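Here are a few notes on the backbone of this model. Please read them with the structure open.

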Amino acid sequence: MSATVAFRTCPFTGRKIDPVADRLTQANAVLAVVSLLIGAVAAVLLVLTRWQAVHLLNAEWFYRILGVHGMNMLIFFIIFFEMAVLHFTSTALLNARNVAPKLSWASFGLMVLGAGMVEWLMWTGKADVLFTSYVPLKAHPLFYLGVILFAVGALLVTAIFFANLHVAKRERRYEGSLPLVVFGAATAAIIAVITLLHGAAIYIPTFLWSLGLMNVDAQVYRLIWWGLGHSSQQINVAAMVAIWYMLGALTVGAIVLNEKISRMAFVLYILFISMASAHHLLVDPGMGPSWKVVNTSYFMYMAVLASMVHGFTVPAGMELGQRLRGFTRGMFDWLRRAPWGDPGFSGLVFSVVLFGFIGGITGVTIGTEQINIIVHNTLRVPGHFHATVVAGTAMAFMAVTYYLIPLVFRKRVAFWGMARIQPYVFSIGMTIFTMTMTFAGSFGVPRRHWDISFSQAPFSVQFSPAVDLLLALMAIGGLLAATGAFMFIAIAVVSVFFGQPLGELTPGVAVAGVPQGLTHPPVHAADVDRRAEELQATRSIWGPAPGTMALVFVFLGAFVVYFFVNWKVLSFVWKIG
Amino acid sequence: MADIHTGLDSPRGIWWKPAHRNEKLWVTIAFAWCMVLFAMMPLWHWKGGQNPSGIRRRVEPAAFYQRTQEFITQYRVGEDHGIPIVAPPPGSDIYLAAMTYQWTPILKLQQGAEYTLHLSALDVNHGFNLNPLNVNFQVVPGYDYGLRVTPTEAGDFRIICNEFCGIGHHTMVGRVIVVNEKGEEVTRAGGQP
């Protein structure tokens, strides 16, 4: 039956591409961009409201738009894009075919239907329960049903992903083991199954509760909902890390240092990530201290170790890739002479750095049982996850899109000059936004709050005067980042729907609208193994990747300082036990 | 290190090989740091002064409301904005009920004394934030969170709700007064009464 597929051959990589898988990747990517547009418009309205001097929306619309922003960004944008990644990695990277085109389209339809229902009910004010919909806040029953349909569609796509892998192996579409990037995507898919099962376990009872058919305990809801809510962010992490390896390979010929270490790090994600739900319940009344300590530490921080491993192997692979291509001088020549004008490369670097330095360090620190006392429900929480999900994951997704447009859509990237600066605009904006948000949270400014001037409250509340400045800067950073997001949306939409066809390309000749990694493929020299052995033979204590070693020690230093400063701050508050 | 390849290529043959030397060093350091991160939590339970342990049990919202009313009747000393002010003796169990959009009662505590603060919600989830100290707890309906607290400084504090509880969420502010060791109310830094 496989013979019926009319593969096309990719002009860049020589891989065989199934046109059905191509169209599925395209459809999911387009829906991701549509969700991103809705979420980004919502983001602008939100920052202009939390900027107290502007205070744009009224209370009702602020909370409504906050729910819209959360659902579109964290669920629809991210998951539609991940579905595109699953369709792409399980076929194009393996010369393989989509084994169930009809079911693939049916699941896509289910997801669109579910998302449409959720949008409708949120915008019409029938689901003012924010993203988390904590019971006993109640939304219209169809809101929960919409989420369930979306999740079922996504679950079916993960099943198709595994079926694609299985059939590709059986039909001998590739030799040897799965490439690391596909292995990473498979990790994301496995975590997706765990996550979506949690989703079913909580949204189905909540749907029945909304119809008056059963009771749902408020604490049990929080426990299982976060099994969905936090684990879904770990799908992002796994998918993002897989994209890091992919972009490293495409832009600078990054090598895999060691398959064993990188793959074991992915497996650690699968084993320990489902405990992440506990991060949200550290100051909840339902669980005891030993449960909190064991679970919040992902059983002794094994998932954190995994991220620290990838945070090393990705840049080290890039450094060694560059050194093997001849950029061997000094510690950082490889980095200085990297293709900074390629948005696939600059986006990758920003994603790794901001995810690690801001998202990672704040996340592990605020997810410590006792430190959470000075963090829970303050702006420090969204400060953290915007650094991981937006500056990290969304940036990686945008960066890889600059490669997917020529590779999958076979179009040139429109507004090429704008595309080259887009990662800079977006990342500078997100850096300002996440850092000011985190600092404002350190003063106790609550998240999800319409008016911290408390003009309608019975008692006056005064924050430090620094808070007003921080919230104004946060708005400016947010607007800059939103500008970056709108630039990306304009580029993606115009490229895909009105873009210039790719046409014939000659290797070594730069073309506007085609990333450098495709016009100047970073192929290794014929004598790469000899060069690698020379690199390995270095006598320097820093080893063959000295630049990366220096960078990870800077990272560790920042981590240690931030972590212990927080313990010190905690020790100043009232005695609590 | 033969067999140089990228993450897009299928590794051929057996890829279970000894780790790269840079990698070995970093994984060892990262693992040691993860152990430090882990050890800090049990250590703080043992030596530290701030832990979210508490006494935790289920409670019916109606029963918690009843208990809070009894507590208010017993120790009531005044009223502010229609909310009773209570001054319980040091060492006692004290009750704070969260409901849309009010914290009740106003607590008048003594600096340096320990109390067992019972937190619960009567309707939906609420968030306890002690301003300006930035101490936060989740307040969940159906659960009584009994935290042993010792106010270490005197002043006039606020309780902000920081879990979304409905359209009036941002108006939900409560008050805690901590008198100094001589029993006097003091103005806290920042100039608030």
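1. First, a term. Helices are DSSP runs of H or I with at least four residues, strands are runs of E with at least two, and both are numbered from the N terminus. Keep in mind that the model is predicted.

2. Where does A:R448 lie? Look in chain A, in the loop between α14 (416-442) and α15 (466-498).

3. Is A:R448 buried or exposed? A residue counts as buried if 20 or more other C-beta atoms lie within 10 Å of its own. A:R448 has 23 other C-beta atoms within 10 Å, so A:R448 is buried.

4. Now go to A:S133. This residue sits in the loop between α3 (101-123) and α4 (141-170) of chain A. Phi of A:S133 is positive too, near 40°, and the residue is not glycine. A:S133 counts as buried because it has 23 C-beta neighbours inside 10 Å.

5. Turn to chain B. Which residues does the cis peptide bond with omega of about -5° join? They are B:T100 and B:Y101. B:Y101 belongs to the loop between β4 (93-99) and β5 (102-104) of chain B.

6. A cis peptide bond also joins B:T104 and B:P105, with omega about 0°. Find B:P105 in the loop between β5 and β6 (106-110) of chain B.

7. Why list these places? Because most residues other than glycine have a negative phi, and most peptide bonds are trans. Please check each one in the view.

Conventions: Residues are numbered from 1 along each chain as its sequence is written. Chains are lettered from A and ligands numbered from 1 in the order in which they are written. This is a predicted model: local features need pLDDT of at least 70, side-chain atom pairs count only at pLDDT 80 or more; totals for chains, interfaces and linings use all residues. A residue is buried if 20 or more other C-beta atoms lie within 10 Å of its own, exposed if 12 or fewer, and partly exposed in between; C-beta atoms are placed from the backbone.
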